[in-house]
Amino acid sequence: MKIGVVRESHEGEARVALTPQSAEQIAKLGHECMVEAGAGSRADISDDLYRAAGVEVVETAADVFDRCDVVAKVRPPTEDEVERLREGQTLISFFYPAENEELMKRASEKGATLIAMDMVPRISRAQKMDALSSMANIAGYRAVIESANNFGRFLTGQITAAGKVPPAKVLVVGAGVAGLAAIGTATSLGAITYAFDVRPEVAEQVQSMGAEFVFLDFEGEQGAGEGGYAAPSSPEFREAQLAKFRELAPDIDIVITTALIPNREAPELWTEDMVKAMKPGSVIVDLAAEKGGNCKLTVKDQRIVTDNGVVIIGYTDFPSRMAKQSSTLYATNIRHMLTDLTPGKDGQINHNMDDDVIRGATITHKNDVTWPPPKPKQAAQAQPAKREKPKEKTAAEKRADEAAAFATQTRNQVGMLAIGALLLLIVGAYAPESFMSHFIVFALACFVGFQVIWGVAHSLHTPLMAVTNAISGIVILGALLQIGSGNLLVIFLSLVSVLIASINIVGGFLVTRRMLAMFVKS
Amino acid sequence: MIESGLQSAAYIVAAILFILSLGGLKDQESAKRAIWYGIAGMALAVVATVFGPGVQNVWLILLAIAAGGFAGYYIAGKVQMTEMPQLVAALHSFVGLAAVFIGLNADLMLGEVLELRYGLAALSGVAPETFLWPIPSAGTLFTTPEALALMERAENLTGFGKSLLAKDAVEIAILRVEVFLGIFIGAVTFTGSVIAYGKLAGQVDGKPKQFPGGHMLNLGALIVCLILGILYFNGAGIWSIFLVAIIAGFIGYHLIMGIGGADMPVVVSMLNSYSGWAAAAIGFTLGNDLLIVTGALVGSSGAILSYIMCKAMNRQFVSVILGGFGGVSGPQLEVEGEMVPTDVDSVADALKEADSVVIVPGYGMAVAQAQQAVSELTKKLRDAGKTVRFAIHPVAGRLPGHMNVLLAEAKVPYDIVLEMDEINDEFGSTDVVIVIGSNDIVNPAANDDPNSPIAGMPVLHVWEANQVFVSKRGQGTGYSGIENPLFFKENTRMLYGDAKDSVQAILQKL
């Protein structure tokens with residue numbers, strides 16, 4: 001089948017849905033790729049690079065729509081583009097069906113199949129095609145870079161000849177994909193990073209990235225909703241959260257808010273009074289600007305400076321500002337989607353509506369609007385079993401435990417000794433002196449053996465077995481003592497024993513030596 | 001000719017040298033010295049015995065020793081390190097067989113000596129029970145040619161025979177118990193080790209297999225052995241003890257046939273232990289303290305190894321020996337996600353970016369003979385300034401410490417080969433983990449799923465690393481047949497194919 005990619009028609013959109021690398025991978029699936037001339041120019045991908053990867057470059061978007069079975073792009077299609085779709089054609093792009101219902105209906109009337117990359121279910125199997133996550137990752141990174149660019153100081157603390165520079169303090173609100181990316185970037189730039197999320201289970205992830213999780217003193221319901229997103233929180237919880245932020249605001253130099261709730265306006269988390277409380281020169285990057293912003297002062301797509309000198313950045317095109325990177329990731333997401341659509345790797349698209357991922361992402365198919373999809377069968381993130389925090393034991397309790405353990409140990413040991421002694425006494429009562437003298441040797445040797453063997457390094461267990469093989473060849477002594485018998489059968493059996501015991505002795509020792517010689521230190 | 005007192009002194013020195021040679025295995029460097037203690041001890045013991053009192057046919061002995069020694073030399077030089085488990089099992093079987101022969105000999109000689117003794121007792125006019133050797137006033141008592149002939153035969157008894165003659169009735173009863181134990185343990189060790197050898201060498205099917213009746217058959221055989229033993233104790237002839245040897249041989253065969261290939265570390269350690277106890281039983285029979293000491297050392301060594309292996313699998317010794325896994329109390333956790341295959345390029349890229357790498361080898365590495373390639377990979381990565389370490393689970397491979405030996409052979413320095421406890425806390429700060437041919441020892445279900453058959457088994461926490469690559473032949477489950485949730489984790493990628501080819505392909509790309 002032919003897969004085509006058009007140049008993004010949206011003003012200022014620099015991304016492209018195909019890279020030469022992804023084209024090569026798509027070709028392995030048996031498809032042919034086609035791209036509109038100049039589609040990659042704003043992402044630093046020239047038409048020649050496409051040609052070198054075996055992609056056909058055509059002049060106009062109309063050519064692509066006419067000749068391809070599958071069209072891929074980044075932004076939702078414009079009305080013109082939807083009009084160009086024909087029956088049986090597939091369009092893969094971001095779509096935001098909740099906002100573009102008209103377009104979706106139009107496409108279904110035309111009989112085209114729409115696959116919305118923003119509707120890919122958030123289950124682990126579909127992560128490789130989760131374009132929202134890959135774009136959010138870039139947005140998180142870029143948000144920190146933008147804020148650093150607008151911030152008049154170092155992010156990292158330094159002690160220089162000209163004086164001491166304190167590290168910047170960064171607060172990331174919302175530890176989703178974008179938030180975690182922002183945390184990672186901020187910590188690696190050397191800032192002291194705090195992070196907050198309504199889902200306490202992400203605290204571990206936050207801490208693993210080197211940030212400090214801001215805990216609230218709040219008992220009650222809160223947490224994750226469907227599909228790995230946060231659910232709206234209760235008014236009490238919100239109050240506790242805002243109080244915490246208010247407390248932090250005067251200290252924080254850079255705030256990055258990433259809180260979004262699906263299909264709702266972004267919650268207001270950074271209020272006007274917090275902005276007022278911040279120091280002049282502080283920076284707020286509002287990644288929720290598209291949906292009204294986590295800060296009400298944010299102006300979409302603008303950088304503004306408040307009266308008290310706080311910079312608020314409301315850009316919504318962070319991924320596009322890093323077009324090369326985001327094109328690479330997005331093209332890979334598209335490529336994975338095509339891989340799932342081409343299970344036979346034979347160039348034949350098999351649109352399997354029973355597949356959770358494909359079903360979820362498909363919003364129109366065969367003249368039907370198939371959105372919203374039925375609930376996915378798997379939850380995005382296994383609910384962590386509520387972990388009972390092991391109670392910290394007091395020193396007295398610990399001591400009591402230790403004493404109890406010691407007492408049981410003593411009891412066991414004394415009990416074993418008593419039983420052992422009793423058994424020995426019984427044996428001693430019946431067995432003759434000559435036996436008992438050997439028995440003492442035996443018992444002592446067992447003890448010595450246990451003590452010695454416990455000290456053997458685990459890595460030397462194989463040499464240990466080989467050397468015990470060798471020394472158990474000591475049975476040769478038994479055979480040697482019997483060989484003097486007059487009985488021919490006895491002599492024969494003894495000789496065989498001597499023979500095989502010698503194999504053990506020589507073979508065991510030599511192979512041990514060979515093994516030990518191999519162990520060398522670096 | 002070495003006197004009896006001197007011989008005892010030599011035995012003491014030999015026993016001490018043996019203990020030192022085992023104790024020296026506490027680290028790699030002292031082990032290289034300690035092995036010589038063992039060799040010296042053995043040489044001393046053999047020389048002191050061969051040239052000691054009561055040993056005849058010295059030339060025959062030297063011939064047998066030379067032949068056996070040459071065979072041992074040949075085998076030790078030729079064996080591949082991957083074949084160590086087989087070799088160890090084979091050597092166990094020799095000890096078992098020798099123990100059976102010596103036990104049978106002891107009984108044969110006992111028969112002769114008893115005959116002699118009844119004759120002498122009748123002549124000296126005392127009951128056989130109260131007969132004493134040497135006979136007081138023998139010179140005046142025995143004058144007839146018959147009596148003198150008997151006396152001469154008694155005088156000519158050497159070594160073990162002479163000590164038999166001096167035993168009283170209780171001591172002879174005890175001797176019979178010892179002979180029974182020696183032969184029984186020896187025979188179980190012999191056939192068990194032969195089967196273990198066959199399974200390890202791939203000549204016997206590694207799957208557990210049993211006759212109908214299973215362990216009841218073993219129990220029945222054991223009871224028959226005990227009955228025969230009681231018969232033997234009460235004076236039944238050598239046939240009874242011979243039957244014991246054969247039936248015990250069957251038990252050894254059947255017991256080990258019923259155990260799967262991957263439980264072999266426990267089996268081999270157990271047989272190691274048995275070979276020691278067999279030697280100790282022979283020592284009691286012959287009244288030789290050096291045999292007793294050595295047997296006890298070897299026996300306890302094997303017992304401890306079995307204990308360590310069982311602990312590392314969180315299983316009871318008995319349940320390993322009887323085969324099969326413990327009861328499962330509920331449904332296992334559903335495994336979520338999918339196994340994501342990857343290719344050599346991505347592994348190589350990840351390795352290039354990584355600072356710290358941990359390699360987890362398992363039996364699959366030995367099967368694919370990939371240790372050399374792994375060693376080269378290690379060298380290359382270390383040369384590039386990366387931290388490379390190995391994580392060894394106690395039951396990785398088919399023999400305790402097997403992986404260590406294989407890696408040592410491939411010239412991986414032993415100080416980067418770490419035990420499970422040493423490295424388990426460090427996976428969190430590791431960039432890339434490569435799992436080569438191991439499965440159950442990296443199964444997170446052992447930690448997470450109380451209903452898993454391996455719940456509670458200590459495992460390597462590889463999933464805590466940033467990225468895990470699993471080199472594996474196919475999609476199958478491990479020997480326990482348990483699904484491994486590690487393969488489905490988000491940070492795990494599967495690299496299918498032969499381990500050696502995969503590692504070599506990675507080497508090409510680096």
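This is a predicted model: local features need pLDDT of at least 70, side-chain atom pairs count only at pLDDT 80 or more; totals for chains, interfaces and linings use all residues.
Helices (H or I, at least four residues) and strands (E, at least two) are, in what follows, DSSP runs that are numbered from the N terminus. Residues are numbered from 1 along each chain as its sequence is written, chains are lettered from A and ligands numbered from 1 in the order in which they are written, and side-chain values use heavy atoms, with hydrogens and water left out.

Two further backbone features belong to loops of chain A. Asn367(A), in the loop between strand S16 (362–365) and S17, has a phi near 65°, a positive value in a residue other than glycine. Asn367(A) is partly exposed, with a relative accessible area of 41%; buried means under 20% relative accessible area, exposed over 50%, and partly exposed in between (1.4 Å probe, protein chains only). Tyr96(A), which is not a glycine either, has a positive phi of about 50° and lies in the loop between strand S5 (90–93) and helix H5 (101–109) of chain A.

A pair of aromatic rings is described by the distance of the centres and the angle of the planes. Rings of Phe, Tyr and Trp (its six-membered ring) pair if their centres lie within 6.5 Å, and planes under 30 degrees apart count as stacked, over 60 as edge-to-face and the rest as tilted. The whole structure holds 18 aromatic pairs over all chains. One of them is the stacked pair of Phe94(A) and Tyr96(A), with 6.0 Å from centre to centre and 5° between the planes. Phe94(A) counts as buried because its relative accessibility is 4%, whereas Tyr96(A), at 34%, counts as partly exposed. In chain B, the rings of Phe180(B) and Phe184(B) have their centres 6.1 Å apart and their planes at 20°, so this pair is stacked. Phe180(B) and Phe184(B) are separated by about one helical turn, because they are 4 residues apart in helix H8 (residues 169–201) of chain B, and both Phe180(B) and Phe184(B) are buried. One aromatic cluster is formed by Phe435(A), Phe439(A), Phe442(A), Trp277(B) and Phe284(B).

Charged side chains meet rings as well. A charge sits over a ring if NZ of Lys or CZ of Arg is within 6 Å of the ring centre and within 35 degrees of the ring normal. In chain B, the charged end of Arg176(B) sits over the ring of Tyr232(B), 5.6 Å from its centre, and Arg398(B) lies over the face of Tyr363(B), at 3.6 Å from the ring centre.

Chain B as a whole contains 20 helices and 6 strands, and buried residues make up 57% of its 510 residues. His402(B), in helix H17 (residues 402–409) of chain B, is buried, with a relative accessible area of 1%. Contact means heavy atoms within 4.5 Å; leaving aside its neighbours within four places in sequence, His402(B) is in contact with Thr462(A), Met81(B), Thr82(B), Pro85(B), Ala396(B) and Gly397(B).

Chain A also holds an open sheet of 7 strands with mixed pairing, in the order S11-S10-S9-S12-S13-S15-S14. Strand S11 (212–213) and strand S14 (303–305) stand at the edges, each with a single partner strand, so one side of each is left without a neighbour in the sheet. Two strands pair if DSSP finds at least two bridges between them; strand S9 (residues 169–173) and strand S10 (residues 192–196) of chain A run parallel and are joined by 5 bridges, and Val170(A) has Thr193(A) as its bridge partner in S10(A).
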